[in-house]
Amino acid sequence: MKSVKIIPSSLKGEVRIPPSKSMSHRAIIAAGLSNGISNIDNITFSDDIIATLEGMKSFGVESENTKTDSEYGISSILIKGTGRMKLLKNEIDCKESGSTLRFLIPMAGLFGEKITFIGRGKLIERPLDTYYKIFREQNIQYTNNEGKLPLSVEGKLRPGIFYMKGNISSQFITGLLFILPMLDGDSKIVITTELESKGYVDLTLDILNKFNIHVENNNYKEFIIKGNQKYNSCDYRVEGDFSQAAFWIVAGILGSGIKCSDLNIDSLQGDKMILDIVKEMGANILVQDNFVKVEKSYTNGIVIDASQCPDLVPILATLGAVSKGTTKIINAARLRIKESDRLKAMATELNKLGADVLELEDGLEIKGKEKLNGGVVDSWNDHRIAMALAIASIKCTEPVIIINSDAVKKSYPRFWQDFKSLGGKIDERNVGR
Ligand SMILES: O=C(O)C1=C[C@@H](OP(=O)(O)O)[C@@H](O)[C@H](O)C1
Ligand SMILES: C=C(OP(=O)(O)O)C(=O)O
């Protein structure tokens, strides 16, 4: 396991934002389900994306790496779909990726053969009840380990009406939206609660559309899906990731200004909300068509509703910890079922650095301080916690040691390189455990 020692310094400069993880998962899946060859440009092989790519290969999809830009760790891949999946491997390793697991489970319903999903870390216990309910309703056989992975599924998914809660994870809705259009009859998904993470469903519908699959969205309450649709292959460039840009935007505010390039300002990504949130907190930010530039700014605490942007919470907790007044993060209960219990993780670790964070049942209450101290903190094996703590170091008076710092590989393998290129001073070391 790796740890990093950070000597606090003020970051500044320009960073090319890595491709959106959410859009990469979706592009690989849609391309794999189509009949033909799709060129997917601007891909980073983070652990989560490797899990989806390998999972699709188990379903008979072929992929070829066509271009690699080693300076930025960016690749292009050709995905060869056959339109008809063939099962090459019955065990799918989703590593620690919730998206991979929840997007690929419904695909098992195309085969009717027994398929086993395995995973690691916290993924083993992240909830899947929404799918278990559907399996029972459709007489699909499944076994799990007291509700946890490994999960084995056997049986064909049939078209129909699917009632689903919208406040556990939007990933279940995305998972069904990929497969229901391929079934031999029409389906409807009915959302029985308010839908959280709507932006992620928008991303799914957008990619489906680009690959020739059409779904009617009745105001996020119902999704009407015609059966017998066919995915067309498509050349697709993945745009920059606003969830990752958020770390550098906050780093620029706390440090000495940062330009984030390769962002699409018209993006459908829900985490684009970071721009409005930091503006409301008082940050000076210049937003252009394809880049964002933030200046060092003094920010004030506000109330932040996290229901549509859960992945921003760790870095917003960091910003709140050094903003003037109180920052309250509300509607964030779902954060407890991510790669770590992110509410507990951020409250615990920021407090170790000298912050004043109170963990609430469904949020955080943070009383801002001008400076933090420093100390030894843990990433909880969660990429977003590691990155949020790294950015907190900018405001520390003493060094910060982050244990299990290579958790960043889940979504952003080059994070520490980019941190250094912006002037971050780190010392990486291997530690036992
Ligand atoms: O569909 C997606 O790509 C994602 C949906 C969100 O999950 P929930 O819908 O479970 O909040 C988000 O937290 C996750 O990082 C990616
Ligand atoms: C929660 C995340 O991803 P996933 O649910 O796909 O594991 C994330 O990237 O923060």
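Helices, as the word is used here, are DSSP runs of type H or I with at least four residues, and they are numbered from the N terminus. With that in mind, helix H1 (21-33) and helix H3 each supply at least two residues of the shell around ligand 1. The model is a predicted one, and the values below should be read as computed from it.

The chain as annotated

The UniProt record, an unreviewed entry, places the feature "domain: Enolpyruvate transferase" at residues 8-418. Over residues 8-418 the chain is 29% helix and 26% strand, while the end C-alpha atoms are 15 Å apart.

Ligand 1

Around ligand 1 there are 13 residues, of which Arg26, Ser169, Ser170, Asp311 and Lys338 are the closest. By class, this shell divides into three nonpolar, six polar and four charged residues. Polar side-chain atoms of serine 169 and of other residues approach oxygen atoms of the ligand, with serine 169 at 2.6 Å. For serine 170 the corresponding distance from a polar side-chain atom to an oxygen atom of ligand 1 is 2.5 Å, and an N or O atom in the side chain of aspartate 311 is likewise 2.5 Å from an oxygen atom of ligand 1. Taken on its own, ligand 1 has 390 Å² of accessible area, and the protein covers 95% of it. The space that ligand 1 takes is the largest cavity.

Ligand 2

Which residues come nearest to ligand 2? Among the 14 residues around ligand 2, they are Lys21, Gly98, Ser99, Arg126 and Arg384. The shell around ligand 2 holds no nonpolar residues, five polar ones and nine charged ones. An N or O atom in the side chain of lysine 21 is 2.8 Å from an oxygen atom of ligand 2, and lysine 21 itself has its place in helix H1. A polar side-chain atom of glutamine 171 lies 2.9 Å from an oxygen atom of the ligand, and the side chain of lysine 410 has an N or O atom 2.9 Å from an oxygen atom of ligand 2. Alone, ligand 2 exposes 300 Å², and the protein buries 98% of that area.

Ligand 2 sits in the largest cavity. Helix H3 (98-108) and helix H11 (383-392) are the elements that give two or more residues to the shell around ligand 2, and glycine 98 is found in helix H3.

The side-chain distances to the two ligands are gathered here.

| Side chain | Ligand | Distance to a ligand oxygen atom |
|---|---|---|
| Serine 169 | Ligand 1 | 2.6 Å |
| Serine 170 | Ligand 1 | 2.5 Å |
| Aspartate 311 | Ligand 1 | 2.5 Å |
| Lysine 21 | Ligand 2 | 2.8 Å |
| Glutamine 171 | Ligand 2 | 2.9 Å |
| Lysine 410 | Ligand 2 | 2.9 Å |

Binding sites in the record

The unreviewed UniProt entry places a "binding site" feature at Lys21, Ser22, Arg26, Ser169, Ser170, Gln171, Ser197, Asp311 and Lys338. From this set, the lining of the largest cavity takes in Lys21, Ser22, Arg26, Ser169, Ser170, Gln171, Ser197, Asp311 and Lys338. UniProt also places a "binding site" feature, again from an unreviewed entry, at Lys21, Gly98, Arg126, Gln171, Arg342, Arg384 and Lys410. The lining of the largest cavity includes Lys21, Gly98, Arg126, Gln171, Arg342, Arg384 and Lys410 from that set.

Two details of the backbone

Most residues other than glycine have a negative phi, and most peptide bonds are trans. The peptide bond from leucine 149 to proline 150, however, is cis, with omega near 0°, and proline 150 lies in strand S9 (residues 148-154). Asparagine 139, a residue other than glycine, has a positive phi near 55°, and its place is in the loop between helix H4 (129-137) and strand S8 (141-145).

How values were computed
Residues numbered from 1 in each chain as written. Chains lettered and ligands numbered in written order. Predicted model: local features only at pLDDT ≥ 70, side-chain atom pairs only at ≥ 80, totals over all residues. Heavy atoms only, no water. UniProt positions renumbered as here; feature names shortened; annotations may be inferred. Near = heavy atom within 4 Å. Polar contact = N/O pair within 3.5 Å; in protein donor to acceptor, adjacent residues only side chain to side chain. Areas by Shrake-Rupley, 256 points an atom, 1.4 Å probe, with all protein chains shown as cover. 1 Å grid on protein atoms, 1.4 Å probe; cavity = no way out; pocket = protein on both sides within 12 Å on 5 of 7 lines; lining within 4 Å. Sits in = over half its atoms within 2 Å of the grid points. Nonpolar A, V, L, I, M, F, W, Y, C, P; charged D, E, K, R; others polar.
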